[in-house]
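Trainee: Please take me through the reading of some local features, one at a time.

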Amino acid sequence: MRLPSLSTLSLLSIAVGLSLASTAQAAKPPAPDLSNSQFQQCLDGLKNSSKFRGVDSYTFNNYRPSQPDPSVIQSLNYQPEFQKDVWDYLSSLVDKERVEDGIRAKRQWADTLRKIESRYGVKAEHVLGVWGVESNFGQTLGKKPLFESLATLSCFDRRQSYFQGEYANALKIVQNGDIAPSDMTGSWAGAFGQTQFMPSTFLELAVDFDGDGRRDLVNSVPDALASTANFLDKRGYRSGEPWGYEVKLPNGFWGASNRKDKKSISHWRNQGLTLANGSPLPSALDSAGLLLPAGPDGPAFLVGKNFDTFYSYNASENYALAIAHLSDLITREDSNKTDFVTAWPTDDPGISRQQSKEIQQALLNAGYDIGEVDGIIGDNTRIAIQQYQSSRGILPADGRAGQKFYRAIVGNTAATGNQYGQPANSRPLNPAPADRMGQLIQQQTSNPTSNAYSVQPSAQPTAIPSTSSSSNTRYRRVTNPDGTVKLVRVDEGS
Ligand code: CA
């Protein structure tokens, strides 16, 4: 899902898939007290404004909210309390579970994906990568009533003009009969469906691929997948090209991370770059830019135009890298090794969603209120981790859940010689130099252009954490196509 920035129509990401997967909202400002009479007056004005010219009065009145929803204004002004390292971000978004879900989805939707590939020229795994990162393959759609959210954002606080357009577009979608009104739920900012399109993106790019005459991105997987492919195609996707490669830099190489500075492959060969496994760079890309998400000591990538189309889906390089990496692992059908060839420059790598759940359960067992166990290390969980660390003298008490903290709290009796490898409630632990180094790296790599969570909304595109806190998480039951039932987290909390 995407919102334009303040100054331009470039896209500001507020992807629900991304933010549901990684953040929560304990650090929100207090809910504002919104005047309902002011709200109703505003709606009266909108009804007769030029932006709503295409919306008939029946539709406007029928879906007119009776009250504003202050929680969306909270979300609009939310600033994440903790920032995330790229390795934490990637390890929660591209874990064994998501790769396996993707491999299953590829088999289940093979015919549809083949047809989509021949119509739009977009590789099946690239479509799957977006689907997996945006909505966890259709499992995490967001549950806030869209008309209430968009009407509130249209009448209060920043960016009213933009949201007025999206509100009008959302009404037009229902008026056109594409989406059932009861399905018009999504993130706090109005992105909805399996593709997490904003209403304006929907009107521009959604397609009916199952042939029922409706563009139903909520209930129709073929419509959702084809709309994603159409999005990538219209943003400049090049058929048959890889997104890029993980590469190995030669010793002593010095170069800046600059995805946009595309050079020929022969240029990079001359610089001494190879594939990560040491093989020569293939010629499948005619030009590529260098991407160093964690600086020159971490994994390095050469990325082409198709990587840029992932980026345009949700303006964050880490987000695009998650799509790229997930799509590669689905292509390889290998869920056992989700790391890159080159390790991240940390001695404390990130954890999977499964490990996050185990940490949350251990915190609950230890008496910390983290809400529900949902596998999402949001602010509530991080605050609990910080308290746990402080109470036991684990330094730095940074609230971060990495492999070391996982071993410390979940307990790994096999771990020896590791300062964290002790059961909970043991004597206070002292910081080791390695951990200070980890902190240092964290500081060095937290640059706004490469870290989706360190950016101010008013500056660059950023992933504003969406909609949920771990203390008010809700689930819904979803029946999978194979008949199994799973609980799926929904973001009705804020
Ligand atoms: Ca359809």
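Trainee: Where is Pro396 found?

Mentor: Pro396 sits in the loop between H17 and helix H18 (403-410). This is a predicted model in which local features need pLDDT of at least 70 and side-chain atom pairs count only at pLDDT 80 or more, while totals for chains, interfaces and linings use all residues. Residues are numbered from 1 along each chain as its sequence is written, and side-chain values use heavy atoms, with hydrogens and water left out.

Trainee: Which peptide bond joins Leu395 and Pro396, cis or trans?

Mentor: Most peptide bonds are trans, and most residues other than glycine have a negative phi. The bond between Leu395 and Pro396 is cis, with omega at about -5°.

Trainee: What does Gln389 touch?

Mentor: Contact means heavy atoms within 4.5 Å. Gln389 belongs to helix H17 (residues 379-391). Leaving aside residues up to four places away in sequence, Gln389 touches Ile394, Pro396, Ala397, Asp398, Gly399, Arg400 and Phe405.

Trainee: Does Gln389 count as buried or exposed?

Mentor: The cut-offs are under 20% relative accessible area for buried, over 50% for exposed, and partly exposed in between (1.4 Å probe, protein chains only). Gln389 counts as buried because its relative accessibility is 2%. Over the protein chain, buried residues make up 59% of the 494 residues.

Trainee: Where do Phe137 and Glu333 lie, and what is phi in each?

Mentor: Phe137 lies in the loop between helix H8 (124-135) and strand S3 (144-145), with phi near 55°, a positive value in a residue other than glycine. Glu333 is in the loop between helix H15 (317-332) and helix H16 (353-365), and phi of Glu333 is also positive, near 55°. Phe137 is buried at 8% relative accessibility, whereas Glu333 is partly exposed at 36%.

Trainee: How do helix H2 and helix H9 cross?

Mentor: Two packed helices are described by the angle between their axes and the distance between the axes. Axes are lines fitted to C-alpha atoms, for helices over the stretch in contact, and angles run from 0 to 180 degrees between N-to-C directions. Helix H2 (residues 36-47) and helix H9 (residues 146-155) have axes that come within 10 Å and cross at roughly 90°. That makes H2 roughly perpendicular to H9 (under 35 degrees is roughly parallel, over 145 roughly antiparallel, 65 to 115 roughly perpendicular, the rest oblique). On the H2 side the contact is made by Gln38, Phe39, Cys42, Leu43 and Leu46, and on the H9 side by Ala151, Thr152, Ser154 and Cys155.

Trainee: What does Gln164 touch?

Mentor: Gln164, in helix H10 (residues 160-176), touches Leu46, Lys51, Phe52 and Ser154, not counting residues up to four places away in sequence. Leu46 of H2 and Ser154 of H9 also take part in the contact between those helices. Gln164 is buried, with a relative accessible area of 14%.

Trainee: Which atoms coordinate the calcium ion?

Mentor: Donors are N, O and S atoms within 2.8 Å of the metal (3.2 Å for Na, K and Ca); water is not among the atoms, so sites may look incomplete. Asp208 (OD), Asp210 (OD), Asp212 (OD), Arg214 (O), Asp223 (OD) and Asp223 (OD) coordinate the calcium ion at 2.2 to 3.0 Å. Along the chain, the donors follow the spacing D-x1-D-x1-D-x1-R-x8-D. Asp210 is in the loop between helix H11 (199-205) and helix H12 (221-234), and Asp223 is in helix H12, 13 residues apart. Asp210 is partly exposed at 38% relative accessible area, whereas Asp223 is buried at 0%.

Trainee: Why is the arrangement around the calcium ion irregular?

Mentor: Four donors count as tetrahedral if all angles lie between 85 and 135 degrees; four count as square planar and six as octahedral if opposite donors are over 155 degrees apart and all others between 65 and 115; anything else is irregular. Here the 6 donor atoms subtend angles of 48 to 159°, which makes the arrangement irregular.

Definitions and conventions: Helices (H or I, at least four residues) and strands (E, at least two) are DSSP runs, numbered from the N terminus.
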